[in-house]
Amino acid sequence: MVDFDIVGLGEPLIEFNQTRPGEPGYLQGVGGDTSNAIIAAARQGARCAYLTRIGADPFGEQLMDLWRAEGVATDGVRVDPQAHTGVYFVQHGADGHVFSYLRRDSAASRMQPADLDCGLVERARVLHVSGVSLAISSSACDTVLAAIGRARACGARVSLDSNLRLRLWPAARARAILSEAMRQADLFLPSLDDMRHLTGHEDPQRTLDWIRAAGAPGTVVLKLGRHGALIDDGARRQAVPGLAVRAVDATGAGDCFAGSLLARRCAGDDWEPAVRYANAAAALSTTGYGAVGPLPRPEAVRALLERAGG
């Protein structure tokens, strides 16, 4: 029985985002890559649910309130009375945004494969996971791999976002575990910035060659930031250009891309229009501060596509 288009699994966080570079003023919001993606998908009309652990604290309550307000089912969210909800800070400067995290021993890092017994994965069309969830702890890594196994066993699709954070794990471990997860994914969503650390390549075509040689069996959509994305469906490669906007904060833009892409694929779009839509949604998400607040609604995305002639 399929009740959800997309079930996300991962680490939600409370966000403090610096709105004026160099000044100690922070906008409090929420973040966490797969949570951002699930909220983006829900805003595009997809039926979504989330799997994670949160702390028994006001930040955890805030996350629950947000998911419920966004129509994201929380059946798979466990409250851990022995751990805290993770926090991160975003600072902005001439070289872009910089992240600082307070996540050690967070509730999400204590996820266990037994947390999957709620049966959400088996009720989804797509399971969405990421490199962050694989990296935050050994038990979280085990949980993600177990979820992938459950998805494959029941016929659900697996979507994997690379979201490489080398401060969380050594490059060799990241390469080995991401490669294994990638080989089990139906959709792999790497960014060029992530993959250059794993492959040593700056060129998108050589990066895709490396991903295919490493055994990725499904569709690969290589995210190129403001330059758009490159689709590799195993038979051909197609570039989909980005859209120009007045960006102020790119926090969560890749997550918005992932969630919007999955939502449009679940709605029946072919790859090229789905990626074009995701490009537009991700571009709009950079026009405000924070990971979740600027996530656009469909009418705004459609309007940008119309202005761009798409």
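Residues are numbered from 1 along each chain as its sequence is written, and side-chain values use heavy atoms, with hydrogens and water left out. Because the model is predicted, local features need pLDDT of at least 70 and side-chain atom pairs count only at pLDDT 80 or more, whereas totals for chains, interfaces and linings use all residues. Helices (H or I, at least four residues) and strands (E, at least two) are DSSP runs, numbered from the N terminus.

An open sheet of 9 strands is found in the order β5-β4-β1-β8-β9-β10-β11-β12-β13, and its pairing is mixed; two strands are taken to pair if DSSP finds at least two bridges between them. At its edges stand β5 and β13 (237-240), each of which pairs on one side only. From one strand to the next the twist averages 20 degrees, where axes are lines fitted to C-alpha atoms, for helices over the stretch in contact, and angles run from 0 to 180 degrees between N-to-C directions. Helix α7 (residues 204-213) packs on this sheet and touches β10 (187-189), β11 (219-223), β12 (229-232) and β13. The direction of α7 makes about 145 degrees with that of β11.

Within this sheet, strand β1 (residues 4-9) is mostly covered, with 6 of its 6 residues buried; buried means under 20% relative accessible area, exposed over 50%, and partly exposed in between (1.4 Å probe, protein chains only). Strand β1 pairs in the parallel sense with strand β8 (residues 124-130) over 4 bridges, and Gly8 stands opposite His128 in β8. The pairing of β1 with β4 is likewise parallel, over 4 bridges. In that pairing, Val7 stands opposite Ala49, while the bridge partner of Gly8 in β4 is Tyr50.

A further open sheet is formed by 4 strands in the order β3-β2-β6-β7, again with mixed pairing. The edge strands are β3 and β7 (96-102), each pairing on one side only. The twist here averages 25 degrees from one strand to the next. Strands β2 and β6 (residues 86-93) pair in the parallel sense over 5 bridges, and Phe16 stands opposite Phe89 in β6.

Helix α2 (residues 58-69) has 12 residues and reaches 16 Å from its first C-alpha to its last, close to the 16 Å expected at 1.5 Å a residue; the expected span is 1.5 Å times one less than the number of residues. The buried residues of α2 are Gly60, Leu63, Met64, Leu66 and Trp67. They cover an arc of only 160 degrees around the axis, which puts them on the same side of α2; the arc is that of the directions from the helix axis to the C-beta atoms. The face turned away from this buried side carries the exposed residues Pro58, Glu61, Asp65, Arg68 and Ala69. The buried residues of α2 pack against β2 (13-18), β3 (26-31), α1 (33-43), β4 (48-55) and β5 (72-80), contact being defined as heavy atoms within 4.5 Å. After α2 comes Gly71, with a positive phi near 80 degrees.

Helix α4 (residues 138-154) has 17 residues and reaches 25 Å from its first C-alpha to its last, close to the 24 Å expected at 1.5 Å a residue. Its buried residues are Ser139, Ala140, Cys141, Thr143, Val144, Ala147, Ile148 and Ala151. These residues pack against β1, β8, α3 (131-135), β9 (157-161) and α5. Just after α4, Gly155 takes a positive phi of about 90 degrees.

Helix α5 (residues 171-182) contains Ser179, which is buried, with a relative accessible area of 10%. When its neighbours within four places in sequence are left aside, Ser179 is in contact with Ala174 and Trp210.

Helix α9 (residues 271-285) and helix α10 (residues 298-307) pack at an angle of about 105 degrees, with their axes 9 Å apart. The two helices α9 and α10 are therefore roughly perpendicular to each other; angles under 35 degrees count as roughly parallel, over 145 as roughly antiparallel, 65 to 115 as roughly perpendicular and the rest as oblique. At this packing, Arg276, Tyr277, Ala280, Ala281, Ala283 and Leu284 in α9 meet Pro298, Ala300, Val301, Arg302, Leu304 and Leu305 in α10.
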